[in-house]
Amino acid sequence: MPQIQQLPPSVVNKIAAGEVVERPASVVKELLENSVDAGASRIDVAIEKGGSEMIRVADNGCGIAVDELPLAVASHATSKIQSADDLFSVATLGFRGEALASIAEVSRLAIRSRRADSDSGGELEVVGGAAQAIAPVGCPVGTTIEVRNLFFNTPVRHKFLRSAQTEMGHSIEAVTRLALAHPQIHFTLAHNGRLVHDLPPVADIRGRIAAFFGDELAEDLIEIHSEGDGVRLTGFVANPMHSRATGRMQYLFLNGRAIRDRALQHALGEAYRGLLLTGRQPICFLCLELPAEMVDVNVHPTKQEVRFQDSGRLYSQLLGALRTKFLTTDLRARGASPGATGVASGDEVESSAAGTSELVAWAKEQLGKQVAEQDSAISARAVTAAQPNFSFEHSAANEPLRLHRIDVPAFRPFDIGRQPAQSPPAEPGADESNRQDSECTAPSRPLPASPDVLRAATITTNALQVHNRYLVVETDAGIEVIDQHALHERILYEQIRESVLAGALESQKLLVPEPVDLAASEAAAVLEHAELLLQLGVEVQPFGGETVLVSSYPAMLANLSPAEVLRELVEKLLCGGRRPEVRDLLDDMLHMIACKAAVKFGDRLNAEEIDALLAQRHLAQDQHHCPHGRPTALVFTREDLDRQFKRI
Ligand code: ADP
Ligand code: MG
């Protein structure tokens, strides 16, 4: 057994550095936090090669006294707390006094600073933890910290770094969080000498959301405001028409600090229950302000997780605030009109109904509590008035479908919807209107009806559509209940897959490449996987900032907008930890097309359409399961029925 010995400070610091400095983005985060704590009104961030070469953060904050520079980079040295008691009333972002020491341990760090009461500033360099002599310099009031060659002395860490693009994506995310939490500060961010963001101060977070995530999302935000017992909740949540496959876009700020909190995330999910498809996550930008003593921030090295004194109360406040707001908000998709609901699909019809009733039940319960104090007639009216306008009603729910919607025995993937860019549009403006259509409708139409198909469809089955979703068919053995969407999706999926496997994955060049606005990390992921996407026929190029230019994409996706396709794919790129495979992405893409092109759960079908759909059943190899694995049909044999009715 080796002897026990005290570790030398450099090893201790490297261990601490391991906790605090995981990648360049961690450095960006710590330096930004220090600048915010220093009261800066302007912070400029410059990054070279994803941060592995250089990260510089310059602020106009209070600065550091020249003789305190060595302390700033010493471990456990801080100006933010003095005693253990202070730990329970931390009002700054930092307090552990470890960040600069940790960063300096694994990089070449230079710090230049001047306080307002001093005529000149000082500069200190630290190389791999070894501080050099302080040199006097002339510099403006404030602090500039430059970190070069991160992990130069810890090769193992260096090896874990991903591409510059990916690392930059993480750094942009760090800036995004700080800039969202502090809209009153002017931030700029440059990468390799190119300005990525210039964010002048704004009154509220909405302007920042637009800058980072685009106007489309910013216009569909729902403002949240709730106050009580010293807790203030403000910010925005997105209309349920916007959602993500992961919780990445759930920004939660506690006293200016971005945090993750399972309980609050759960409350958010509860508030949106029934308003989103299963598996989709809401988007939020919420700021909590509460007295520092009501929360313990000293539970996590990077302070991303905190412990609340009364987590249950915050949970109910968040859930209550959101539900109350949803009840009085028109959650309809913007510009929704029959045939253009954007988010509608059969599944949502169902889920929104469930969501509505849950919300109304909750509202009744809440109002019930007030009945004792209030005139019951008034509260009864309030319940009615508060009925939300959940109109995820399906576009085609009341109008019969046209036959061509399921006219696909000879499914020609390249014929759907939008004209390929090479062929001239049928009439001026037709392309434009098609594009809008494909962006905001369930885009399955129009498929041209051919006489062959009509003939094929005249096989008469004794099928009956019930509840606009199931087909009941008499068979020799008994009866079968078919899920119309699941079956159609399966048929389309197999047909498209076949044409793709036969090498028909044609890519179509867009006449005018389409810019798509993404979140920073999404753009980074897309560009990092540009080659992989190219194999799928999706060609992307950087277009500055978070905008990516789509110059070609698979012809069979022509009825979906490039933005829609890219957003779906990016979710897949960002989801799994491992590198995505072309095959998986391709399969996802096929699912996406099949699902969007199939008749919906909730679509009314006429007799010919029912016949046409059933006539194609044999075209699916696995006609018993939809591509997601759900059954497409249930069988009840005659014996089953006879037995149920006690005939045998
Ligand atoms: P902490 O932020 O937890 O105190 P750091 O290691 O990040 O620890 O910083 C150590 C100290 O250096 C801070 O307490 C602060 O006094 C000083 N400091 C760091 N960065 C700045 C800055 N940009 N402006 C002014 N002071 C700073
Ligand atoms: Mg700090």
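Visitor: What makes H76 count as exposed or buried?

Guide: Happy to start there, with a reminder that this is a predicted model. H76 has a relative accessibility of 60%, and exposed means over 50%, so H76 counts as exposed. H76 is found in the loop between helix 3 (69-72) and helix 4 (99-105).

Visitor: What is the phi of H76?

Guide: Phi of H76 is near 55°, a positive value in a residue other than glycine. Most residues other than glycine have a negative phi. N255 also has a positive phi, of about 45°, although it is not a glycine.

Visitor: How do you know whether N255 is buried, exposed or partly exposed?

Guide: The relative accessible area of N255 is 34%. Buried needs under 20% and exposed over 50%, so N255 falls in between and is partly exposed. Its place is in the loop between strand 12 and strand 13 (257-259).

Visitor: Let's turn to the rings. Why is the pair of Y251 and F285 called stacked?

Guide: The angle decides: the planes of Y251 and F285 are 10° apart, and stacked means under 30 degrees. Their centres are 5.5 Å apart, and rings pair if the centres lie within 6.5 Å. Therefore Y251 and F285 are a pair, and a stacked one. Y251 lies in strand 12 (residues 250-254) and F285 in strand 14 (residues 284-289), so the pair ties together parts that are 34 residues apart in sequence.

Visitor: What makes Y251 and F285 buried?

Guide: Y251 has a relative accessible area of 3%, while the value for F285 is 0%. The cut-off for buried is under 20%, so both residues are buried.

Visitor: How do you know that the charged end of R108 sits over the ring of F152?

Guide: The charged end of R108 is 4.2 Å from the centre of the F152 ring, and the distance limit is 6 Å. The charge must also be within 35 degrees of the ring normal, and R108 is listed as sitting over the ring.

Visitor: What makes strand 10 and strand 13 edge strands?

Guide: They belong to an open sheet of 5 strands in the order 10-11-14-12-13, with mixed pairing. Strand 10 (221-228) and strand 13 each have a single partner strand, so one side of each is left without a neighbour in the sheet. The twist averages 20° from one strand to the next.

Visitor: How do you know that strand 10 and strand 11 pair?

Guide: Pairing takes at least two bridges, and strand 10 and strand 11 (residues 231-238) have 8, in the antiparallel sense. Along them, E227 stands opposite R232.

Methods
Residues numbered from 1 in each chain as written. Chains lettered and ligands numbered in written order. Predicted model: local features only at pLDDT ≥ 70, side-chain atom pairs only at ≥ 80, totals over all residues. Heavy atoms only, no water. Phe/Tyr/Trp six-rings, centres within 6.5 Å; stacked < 30°, edge-to-face > 60°. Helix = DSSP H or I, 4+ residues; strand = E, 2+ residues; numbered from the N terminus. Buried < 20%, exposed > 50% of the residue type's maximum accessible area, 1.4 Å probe, protein only. Axes fitted to C-alpha atoms, helices over the stretch in contact; angles between N-to-C directions.
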